[in-house]
Amino acid sequence: MMEGRCAAEPWAELGLSVKPGAPLVRRGAGTDVFICTGSEEVYVFSAQEKRVRAVLQLPAPVRDLDVSHDKQLLFVACRSGIYRVNFQLLSHSGSSDAGSGPAELKISSDFLAVAADGVSSLLLVDSVLLTLCQTDRSWLLTLYKTPQQSQANRCDVIGSFSLPVVSPSVQGHTESKCVLLCVCLGEVTQPSSPAAASDAGLSRCHLPLRPALFKLLFGVEAALAKSPVILCGLPDGRLCYLPLRLPGSRLRVLQSLEQPVVFIGASAAMETDAGCAGCLVALGKQGRVMLIKAGRAGSERQRGIADFTEGCVPGPVECACVDKSRLYYSTGSDLLTLGLSVGSTGREGQEWAEEASGSTAASLNRPTSLNVSGVVALDQPTCNDAGEVQLLSLSARGRLQRISLPVRGPEEGSNKLPSSAVGRSVGDLLSAIGDVCERASVLEKVIRWKNQTLKQLNQVLNVSFLLTDGAKTEEKPIRCCASVGWSRLLQKDSLNLACVLQNFSPYILERGWTLSLTVLPLSCSPQAAEEARSVNYSFPFCSLCPGESLEVSLPVAAAGDASFPVTVACSLVFSLCSFLGGEEAATPPDLPGGCFSLPLNTLTVDWLHALRLISPTSTQKTLPPQSSSNPAGDLRAFLSSRRAGCRAGDGAPRPEGYSARVRVSSELLGHTLRGQRADPDPKVSESAPRSFCVSLLEWLLSEECGGVRMGHKGDKTDISSSVICGRAPNDATVKLTAKEVHLEEKSDVKEESLVSVEVQVESSSAAAVCGLHHAVLRRIQTLLLKAPVKAWSSNKVQISGLRQTLQRAEIQQGQISEALSVGMSSGQMQRILLRVYQQLRDGPLLMV
Amino acid sequence: MMSLLAKWTRENNELAFNCKQQNDELNRDHNNLFSHRRCSSDFHKLLRKLQGIPPHSDHAQLELSVVYNACVCLTALSHFEEAELLLTQAAHRVLELAGEDRGTSDPSVLWRAALKSVAGTALHRHVLSLLCLQWGIWLAKSCLNPIKEFQEEMSLLERQGGAVWDDCRTEAKEKIPNIPRLVLDPRRLAELLKICTAIVQGAERLNEGWNTLSALQAAAALPAPRALIAYTHLLSGSCLAHMNRPQMALQCFRRALETDPRCACALYQSTLLYRQLGNVQAEIQALRILHSTLLLPPTTEPAPAAGRLLSPSLFLCSQSLGSLLSVPSALSVLHSLALKCVIHDRVSEGVENYLDLLAALRSEDQHGVTANTLTAHAVVSTLPKLPRLYLEAAAALLMARRPADCMALCDEVIGTILDLLPDKVLLEDPEDGSVAESREEREEAESGLVKLLWAAAAYLLLGHCYAQQEDWKQAVTHYTRCFNLLVKVHCKNNAFSPQVSAPDKESNQGVDLCVLQRLKGISLAGRGISFAQMDRLREALRDLHLGLQALPEGVSAGQWCGEVLWRLDRRREAAACWEKTWSHTCPPLAEALPVYAQELQSGPLLDPTELRSRLKELGPL
């Protein structure tokens with residue numbers, strides 16, 4: 001051992017971590033040490049053989065244990081009761097298999113000495129067993145008589161004392177232990193023999209106290225009766241005492257530490273108190289130390305009053321023990337020692353009294369570190385022949401070690417560990433700090449992420465409520481609009497839809513949202529019907545702030561595909577999986593779990609949108625400008641037109657074979673169109689007839705209908721005449737003509753002329769005519785919806801028209817029924833139906 | 001359903017069997033507690049299973065039996081609240097079975113309804129037995145009103161119940177497995193409860209000042225354990241004592257003792273009565289027997305059928321009964337016995353008792369608590385403070401002319417107290433409320449005064465001892481020490497002089513001051529006598545005068561004052577002094593004051609006849 005340093009000699013590794021609660025190390029008979037780690041086991045460690053000799057298996061976690069004075073019996077307190085184990089049993093079982101591992105001894109209920117619930121601590125005083133337990137309203141100190149003959153296990157109750165619990169909130173942790181200690185009146189006259197001093201077992205249970213202190217604290221009666229006094233420290237901080245053999249004695253409170261009492265001990269405070277302790281020490285969990293001494297005989301005023309000195313040492317205190325002059329305690333991370341003697345030289349009388357009345361903390365020395373970490377349990381210190389103080393300790397990791405303290409020289413506190421050990425412990429500490437730091441940051445991150453997620457989910461919920469709110473269906477704050485445009489890619493023309501998702505809501509669309517667009521042709525050619533008719537496009541996006549918009553583009557149709565009009569159903573799909581799991585969990589959106597879809601608006605792309613304009617002059621001669629640079633395209637257009645012509649059955653292609661007309665009253669138009677172009681010069685309105693036609697065509701081609709705008713804005717300026725030529729998506733050439741028509745209406749009252757505009761659709765392709773007609777009608781329908789309700793005067797004008805139409809309709813009905821009658825060939829039937837259809841489209845009613 | 005019923009019945013029967021067996025095996029207190037706890041939890045578990053299904057007539061019998069068993073166990077554990085809850089629940093379920101549960105909360109209405117609903121069916125006796133338990137719980141909680149209400153049902157229960165249960169028993173013998181067993185025969189329970197009710201009611205009425213003799217005498221004829229019968233006799237005796245018929249009361253107490261020799265409370269009541277009658281010898285005798293009774297080891301009482309599970313003490317916890325049954329601890333009894341002996345001229349006996357008492361206090365078996373065997377009533381401790389006890393013992397030893405032993409005791413007291421003595425005790429006038437003084441200060445002063453008086457008394461006794469040994473010098477020293485201690489007491493108010501000759505019982509301080517004054521007088525007188533023996537007559541006369549001033553009725557001081565005057569040849573004064581002394585009658589020792597504060601006549605005595613003859617010689621004044 002190095003000079004001036006304390007040495008820790010490891011005795012055993014129990015190899016298990018010690019549970020907080022009641023770790024214990026206690027010397028028993030001979031060289032046996034009882035170790036309890038807070039679990040169900042009690043280890044019997046032989047200090048001689050340096051090995052665990054036996055293991056006692058108890059039915060419940062061990063709370064406390066004590067050894068009888070004759071070192072024959074071990075009493076162990078569990079939750080269910082107190083068990084009594086005879087040492088002879090241990091020695092037998094130990095010797096039988098000395099070579100092998102520790103003997104295991106199962107302690108069954110046969111060993112039960114006292115059946116009591118919740119015993120917190122126990123203490124043996126002669127033949128009396130004391131237990132302390134907490135009931136819901138009081139602390140109960142119960143006395144049992146242990147039977148003299150070793151056969152019987154059961155103990156009889158002698159009596160019990162109770163002390164009311166102060167307030168349930170104060171003590172908080174019920175797990176913390178109570179401390180029990182027995183002190184007795186010391187004999188002053190008789191000088192202590194060295195044999196008595198070394199008897200550790202006796203001193204533990206009958207700690208002799210200086211008579212003056214004893215009488216001051218516990219009264220004359222206890223002193224006269226020579227009664228042992230039980231001191232108990234409660235987790236609520238109270239220090240209580242009970243004179244054991246005094247008739248009518250009660251459990252009384254001596255003092256309160258105001259923090260859980262961890263330790264009570266007695267120490268010789270002065271050099272003169274060789275045999276008996278002149279100072280009681282109580283130590284609280286948070287490091288409050290209380291030294292209780294008798295007032296000095298020298299100072300008259302102090303006489304008759306016990307002197308309570310309080311102080312604080314750095315806590316938290318795990319365990320402690322005391323020898324003649326020093327208090328040793330462990331904070332878990334370090335073992336410290338505190339000198340208790342109030343300087344044997346110098347401070348006397350006056351000075352001492354001043355100090356006692358003045359700063360009490362100053363009279364406590366400062367603790368010095370012994371640099372032993374992890375100690376959770378200590379046994380009473382012993383002193384070997386060389387004068388070294390030896391402590392038996394149990395560390396938090398289950399290591400039993402003997403700590404030898406050097407003989408105290410003149411200078412104290414020079415105890416150091418070897419530098420390598422210091423380095424190791426520093427390294428351990430640093431790595432532990434690193435671990436904790438890392439764990440903390442991970443936890444912090446997780447918490448932050450969760451908070452973020454919650455916020456986002458809140459947004460999602462808001463959006464969902466907004467979109468599922470059935471009350472206002474027409475104008476959703478999140479909606480799509482689109483524009484179409486032809487583009488050419490890989491020598492193939494295709495109609496692209498640029499769809500813009502606009503967020504007018506106050507909420508952000510974030511991770512997890514997907515814009516889903518379903519393209520569905522309203523009608524389609526029979527051969528296309530076999531394929532999957534609807535096409536789904538989904539566009540996941542990351543964030544869309546309020547006021548922002550997202551543009552995506554998708555192909556609607558290729559050139560030559562005539563499956564117009566096409567509806568584009570827009571919806572927002574929220575997927576919880578992609579929201580939580582990020583990108584990699586890209587589950588199919590039709591998966592029911594974790595996904596829900598919120599419909600937005602529906603867009604319609606019709607024939608007009610898909611119309612490609614060509615200049616009317618070049619209709620016959622040149623091919624459309626888009627395809628002029630592409631001979632292959634021309635060829636295909638040519639071929640397809642040929643084919644279409646052949647299919648029509650007639651020999652030559654008829655560029656304007658079919659036509660349909662729509663008539664709109666200029667009054668209706670004027671309202672809308674004037675409103676539209678109110679800002680430009682008023683000259684337009686002067687040259688009304690022509691501009692009406694032009695502006696109607698312009699409007700037809702530019703109007704944003706069904707949320708879809710046409711992409712050919714550049715062509716708009718070309719519309720100067722009332723005739724527009726264009727190419728339908730099925731490559732058929734179409735011609736749109738607008739002209740002004742005056743309708744004379746013969747009326748009884750007055751001749752009235754009504755100006756109307758007629759739009760004529762002509763094409764060689766019947767499909768194109770139908771589609772365009774439908775598209776034009778749709779536009780005008782919206783016009784009608786927008787137009788204010790006018791006087792019905794002009795309705796009269798219609799009457800004759802209506803009559804004619806009615807007549808015509810009758811004829812047409814006749815034709816249809818004829819066509820559908822039996823005996824007609826299918827070719828004939830088709831022709832008739834086509835004709836009727838043509839007639840229906842040709843003689844339109846005026847829309848007003 | 002039937003198989004389940006059979007299974008449950010078997011479970012109940014096994015539990016009941018176990019419970020009974022454990023009871024037979026272990027009759028010790030805490031072990032019983034342990035097994036009861038397990039039993040009650042087991043029964044409770046079974047009951048929960050049973051009550052999981054709505055009440056059904058098929059297994060109602062089983063269910064009620066299990067409720068009964070569980071409640072018996074709970075009652076044995078004194079968990080009355082839980083037991084009552086179970087009982088109420090069971091009553092509600094019985095009503096539910098009959099389809100007439102009106103959710104009443106009044107227990108008596110509830111039970112009446114429950115009994116009515118099962119009238120005439122096999123369930124009737126089960127409900128009766130549950131009611132019987134409820135009765136016990138009411139009794140234990142000292143709710144006597146519902147018991148009065150149900151008096152008729154109770155008697156009906158006993159009369160009819162006996163027959164029904166007999167039927168049940170014969171029935172049970174026929175087909176044992178199908179009948180749910182009970183841990184305790186309800187008839188035994190009813191018997192036990194009846195006598196307990198009679199006792200508790202008797203005590204209550206006695207407390208209220210009613211005459212309950214007839215009821216108690218009727219109860220004495222009931223079949224019951226001896227201890228309970230003894231209680232009825234005891235109560236009759238108390239009743240008679242209240243009616244001022246002490247002899248008849250004593251007869252009753254004697255009968256109680258004949259019934260149960262361990263009925264310590266009867267003995268105690270007798271001693272009180274003897275004291276009241278002034279029969280000292282009988283009182284001493286009774287105290288002696290009482291003490292030996294209390295010292296008897298607690299034997300297992302001859303357990304009656306019901307007593308094994310349910311101890312009668314469970315039901316006998318009413319307050320007025322408690323005060324009647326309370327008995328002082330053995331040590332207190334021994335002390336009163338010793339004191340009585342010493343005061344009434346049986347000094348040697350008293351000394352023995354005192355020595356026994358001290359030995360008991362020193363022994364390791366003494367633990368400040370004395371468990372009463374039968375009832376858990378509070379044990380009254382009338383034991384004085386230990387120093388006073390020591391001093392009393394010392395005084396007794398002195399009277400028995402064992403000065404050495406007396407000195408040992410006194411030395412011990414002095415050794416213990418001496419370093420705690422205050423330098424000065426300042427007493428406030430207790431009547432003078434104007435002086436604001438903190439409670440603590442007053443308490444401190446009082447405890448200081450008490451310690452001072454103890455120490456002074458110890459010195460006084462030491463002085464007496466030396467005087468007895470005729471070591472006059474030592475005697476003077478110790479009397480002086482005593483006096484020096486006594487003068488440390490100062491009274492703040494000069495007008496308030498503690499010239500109280502008779503103890504003022506109202507306040508402790510009054511007694512203390514009286515003791516102080518007496519000690520002063522006695523110690524001065526003792527010193528005077530010692531001086532006189534040393535022929536230092538001047539000092540002797542001074543001290544004796546002062547002693548007489550402090551304690552005018554001091555007999556030895558008066559006599560010796562006369563003697564010293566005589567020796568100083570002041571014969572006339574001596575004669576006057578003697579005459580004056582003889583005019584006081586020598587007071588016998590009293591219990592109110594500590595023995596050591598009275599004149600023990602232990603010192604050198606003067607023969608009054610000789611003095612009178614001297615007076616005669618002197619001739620008339």
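Me: What should I know about the model and its numbering?
Reply: The model is predicted: local features need pLDDT of at least 70, side-chain atom pairs count only at pLDDT 80 or more, and totals for chains, interfaces and linings use all residues. Residues are numbered from 1 along each chain as its sequence is written, chains are lettered from A and ligands numbered from 1 in the order written, and side-chain values use heavy atoms, without hydrogens and water.

Me: How many aromatic pairs does the structure hold over all chains?
Reply: Rings of Phe, Tyr and Trp (its six-membered ring) pair if their centres lie within 6.5 Å; planes under 30 degrees apart are stacked, over 60 edge-to-face, the rest tilted. The structure holds 7. B:Trp578 and B:Trp582 are stacked, 6.4 Å centre to centre with 20 degrees between the planes.

Me: Are B:Trp578 and B:Trp582 buried or exposed?
Reply: Buried means under 20% relative accessible area, exposed over 50%, partly exposed in between (1.4 Å probe, protein chains only). B:Trp578 and B:Trp582 are buried.

Me: Why is strand 15 of chain A called largely enclosed?
Reply: Strands (E, at least two residues) are DSSP runs, numbered from the N terminus. In strand 15 (residues 179-185) of chain A, 7 of the 7 residues are buried, so the rest of the structure largely encloses it.

Me: Which way do strand 15 and strand 17 of chain A run?
Reply: Two strands pair if DSSP finds at least two bridges between them. Here 5 bridges join strand 15 to strand 17 (residues 229-233) of chain A, and they run antiparallel. A:Val183 stands opposite A:Val229 of strand 17.

How values were computed. Helices (H or I, at least four residues) and strands (E, at least two) are DSSP runs, numbered from the N terminus.
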